[in-house]
Amino acid sequence: MKRSKKKVLIAASVLVALGLVLCLGTLVAIDFDLTRLNTTMQLAEGPNGPIQFGIYFGG
Amino acid sequence: MRKEEFLTALRDALHGLPARDLERSLEFYREMIDDRMEDGLSEEEAVAAIGPVEDVVAQILSETPLPRLVREKVRPHRGLRIWEVVLLVLGSPVWLPLLAAAALVILSVYLVIWAVIASLYAVDLSFAICGVAGLFGIYLAERSGNLAAGIMMLGAGFICAGIAIFLFFGFNQATRGILLGSKRVVLGLKSRFVGKEAVQ
């Protein structure tokens, strides 16, 4: 396997590991209560009211 | 193997190839062997350096378009008689749609192969886009004040980006395998129009 390819694959592994740490860490921090991730934010003011972006897990 | 034995084996294996193509191929390999002999190799060594007849046949077949082989196979080697022409014309409502259907089946198989490859890379692209979108998590955390949601989204983005990289290499291998497999199928089809035992 080429050295550059190996480096890219290692970088990908680091990304996945880091992502898992962030996600699992967050889940532990919020006591696995996904409703605490519920978020709504206003992106812009549209002609028919605000354009919003949100994450909703119920609750 | 001597030169003439090699060329005779090649001629037998390529029986069914259009005569002009066959002669051109034989001439090409004859010259290649002669060149190597002029470079100082013995006749047997020059023939051995070219490789097995099967490999040479596979190489020639891969360079010959399938329609040309089919045309050569179905081309009558004598003039058609009147009653044969009449039968052909009368039978055209049957054989023409069948021929069109066969051509369309081949075309659809070809398209399906490329559709599978395109869908693989579409999956990879969607993971990559999710990875980039994960960076949006920082903005989300800053704007909404919900740090947990922002970090969660960022983490998911990292995972997606990593998976996209893994999938890219995996799909490259898969694509190579699919193309190699389809090439083998086409070669197998082509070998049915020439000497059967020539290509494995």
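**Ground rules.** I am working with a predicted model, where local features need pLDDT of at least 70, side-chain atom pairs count only at pLDDT 80 or more, and totals for chains, interfaces and linings use all residues. Residues are numbered from 1 along each chain as its sequence is written, chains are lettered from A and ligands numbered from 1 in the order in which they are written, and side-chain values use heavy atoms, with hydrogens and water left out.

Entry 1: I started with the strands, taking helices (H or I, at least four residues) and strands (E, at least two) as DSSP runs numbered from the N terminus. Strands count as paired if DSSP finds at least two bridges between them. Strand β1 (residues 39-46) and strand β2 (residues 49-55) of chain A run antiparallel, with seven bridges joining them. The hairpin that links β1(A) to β2(A) uses two residues. I looked up two bridge partners in β2(A): A:Ile55 for A:Thr39, and A:Pro50 for A:Glu45.

Entry 2: I use buried for under 20% relative accessible area, exposed for over 50% and partly exposed in between (1.4 Å probe, protein chains only). A:Ala29 belongs to helix α1 (residues 3-29) of chain A, and A:Ala29 is exposed at 55%. Its C-alpha atom is 23 Å from that of A:Phe53, 24 residues away along the chain.

Most residues other than glycine have a negative phi. Why do I call A:Asp31 exposed? Because its relative accessibility is 58%. A:Phe32 is exposed as well, at 56%.

Entry 3: A:Gly59 sits in the segment after β2 of chain A. With 98% relative accessibility, A:Gly59 is exposed.

**Entry 4: helix α7 of chain B.** Which residues of α7 (residues 136-144) of chain B are buried? I found B:Gly137, B:Leu140 and B:Ala141. Looking down the axis of α7(B), these buried residues fall within an arc of 95 degrees, so they line one face of the helix. That arc is taken over the directions from the helix axis to the C-beta atoms. The general rule: an α-helix has 3.6 residues a turn, so residues three or four places apart point the same way. B:Ile138 and B:Glu142 are exposed, on the face of α7(B) turned away from the buried side.

What do the buried residues of α7(B) pack against? With contact meaning heavy atoms within 4.5 Å, I get β1 and β2 of chain A together with α6 and α8 of chain B. Just after α7(B), B:Gly145 has a positive phi of about 80 degrees.

**Entry 5: the largest pocket.** On a 1 Å grid over the protein atoms alone, a pocket is an open set of points with protein on both sides within 12 Å along at least five of seven lines, and lining residues have an atom within 4 Å of a point. Volume is the space filled by probe spheres set on the points, which are joined across faces, edges and corners.

The largest pocket holds about 400 Å³ of space. It is lined by 14 residues, and those closest to its centre are B:Ile106, B:Tyr110, B:Ile113, B:Ser182 and B:Val186. Two or more lining residues come from each of α5 (66-74), α6 (82-134) and α8 (147-191) of chain B. α8(B) gives the most, seven residues.

For classes, I count Ala, Val, Leu, Ile, Met, Phe, Trp, Tyr, Cys and Pro as nonpolar, Asp, Glu, Lys and Arg as charged, and the others, Gly among them, as polar. The lining of the largest pocket then has 11 nonpolar, one polar and two charged residues.

**Entry 6: the second largest pocket.** Its volume is about 220 Å³.

Conventions: 1 Å grid on protein atoms, 1.4 Å probe; cavity = no way out; pocket = protein on both sides within 12 Å on 5 of 7 lines; lining within 4 Å.
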